[in-house]
Amino acid sequence: MPLLLSPLVLKVGTESDKEKLFGRENIAPEWIESDSYTGRAHLTLTDLALNYITRLSYLFKECVGCLPDGWQSQPILFLTPAFSSKEQTKALFSAYCKVLPQLSNHNKLYFYPYGRAACLLALKQIEQLLSDDISQVLIIAVDCHHSLCAPTQGGASGHHSEESHLTACDSIALVQAQSSDIGLILNWHGKSAQVSVNEAGQGVANLFYLYCKQSNAAIDAMHLPLNNTLKIANEWLGQLSGIASVLNSDFKCLFNGIRVGDLGATMGIFNLLHTQSLYQSGELDTDQAILQLDLSDGLYQSAVLFGWQNENSDAA
């Protein structure tokens with residue numbers, strides 16, 4: 001079943017031009033000098049005195065005015081930061097309900113509190129919903145960097161690095177997904193859990209092993225996580241040899257984390273929208289396949305191989 005995505009809101013800081021967001025050039029962040037934060041950032045909100053949950057709820061408010069007609073009858077999937085406790089996820093939902101009270105009566109809400117890995121982990125649920133005579137599903141992802149917030153105890157678990165050269169971001173995505181005759185095809189889906197006792201890269205090594213065992217299809221391009229942090233790079237850098245045999249000779253690597261900064265829980269849906277745009281613009285041929293690898297700094301890691309289907313044609 002092809003999946004077609006329609007971004008109703010997509011913002012990194014104040015930038016919402018998709019040609020710039022998905023272009024080849026880096027999106028230049030602003031330099032910020034303040035008592036609480038000194039560094040580069042893409043800011044949607046200039047107030048750096050807000051706590052983490054409050055900042056997320058303010059960003060969520062920007063989605064509310066763009067909700068489509070009939071949104072209350074559509075399932076909604078929230079891609080959220082990887083919180084360290086269920087209480088924090090509940091606190092975030094409570095904050096969202098204050099912004100949009102109708103949420104409290106919505107009976108088809110799904111939360112994926114897995115940070116950067118949330119989007120790919122939600123795809124099977126999205127496919128299931130769309131196969132159950134549901135025509136459209138809404139996806140909402142909002143995140144911000146902790147360094148842009150007032151210090152609090154017990155924030156989201158570790159998916160934000162404190163490395164000074166990392167670009168801190170506010171990011172927002174409101175996306176409508178539907179089944180279509182034309183769109184993205186999920187040709188393979190894998191996930192793994194990385195626990196603290198594992199060596200760096202073990203989770204990715206497991207994913208690549210599963211890929212070669214279960215699919216072994218040629219890969220033409222890959223979205224790789226690299227947010228200017230060695231920790232993330234070390235998770236996959238030494239593991240590419242595990243799938244070297246299925247990488248085409250003109251294999252392309254895409255590093256959106258370098259271009260736009262660390263989008264946290266919004267990173268996965270951003271990369272997915274970018275993949276769709278690559279097919280729609282012809283930068284990827286319909287017979288080419290692209291692998292997206294998403295790593296949270298917490299437990300979960302996931303990868304999906306995408307192809308593209310044109311109307312009345314076979315899947316790529």
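Trainee: Which elements each supply at least two residues of the lining of the second largest cavity?

Mentor: They are β4 (76-79), α3 (86-99) and β6 (136-144). Keep in mind that this is a predicted model, in which local features need pLDDT of at least 70, side-chain atom pairs count only at pLDDT 80 or more, and totals for chains, interfaces and linings use all residues. Residues are numbered from 1 along each chain as its sequence is written, and side-chain values use heavy atoms, leaving out hydrogens and water.

Trainee: What makes a stretch a helix or a strand?

Mentor: Both are DSSP runs, numbered from the N terminus: a helix is H or I with at least four residues, a strand is E with at least two. Strand β6 gives the most to this lining, with three residues.

Trainee: Why is a space called a cavity, and what is a lining residue?

Mentor: On a 1 Å grid over the protein atoms alone, a cavity is a set of points where a 1.4 Å probe fits but cannot get out, and a lining residue has an atom within 4 Å of a point. Among the residues lining the second largest cavity are Phe78, Leu92, Tyr96 and Val142.

Trainee: What does its volume of about 40 Å³ stand for?

Mentor: A volume is the space filled by probe spheres set on the grid points, which are joined across faces, edges and corners. The largest cavity comes to about 50 Å³.

Trainee: How many nonpolar, polar and charged residues line the second largest cavity?

Mentor: Eight are nonpolar, one is polar and none is charged. Ala, Val, Leu, Ile, Met, Phe, Trp, Tyr, Cys and Pro count as nonpolar, Asp, Glu, Lys and Arg as charged, and the others, Gly among them, as polar.

Trainee: Now to glutamine 176, in strand β7 (residues 168-179). Why is glutamine 176 called buried?

Mentor: Buried means under 20% relative accessible area, exposed over 50%, and partly exposed in between (1.4 Å probe, protein chains only). Glutamine 176 has 11% relative accessibility, so it counts as buried.

Trainee: Which residue's side chain makes a polar contact with the side chain of glutamine 176?

Mentor: The partner is glutamine 136, at 3.3 Å. A polar contact is a pair of N or O atoms within 3.5 Å; within protein, one must be able to donate a hydrogen and the other to accept it, and residues adjacent in sequence count only if both atoms are side-chain atoms. Therefore 3.3 Å falls within the distance limit.

How values were computed:
1 Å grid on protein atoms, 1.4 Å probe; cavity = no way out; pocket = protein on both sides within 12 Å on 5 of 7 lines; lining within 4 Å.
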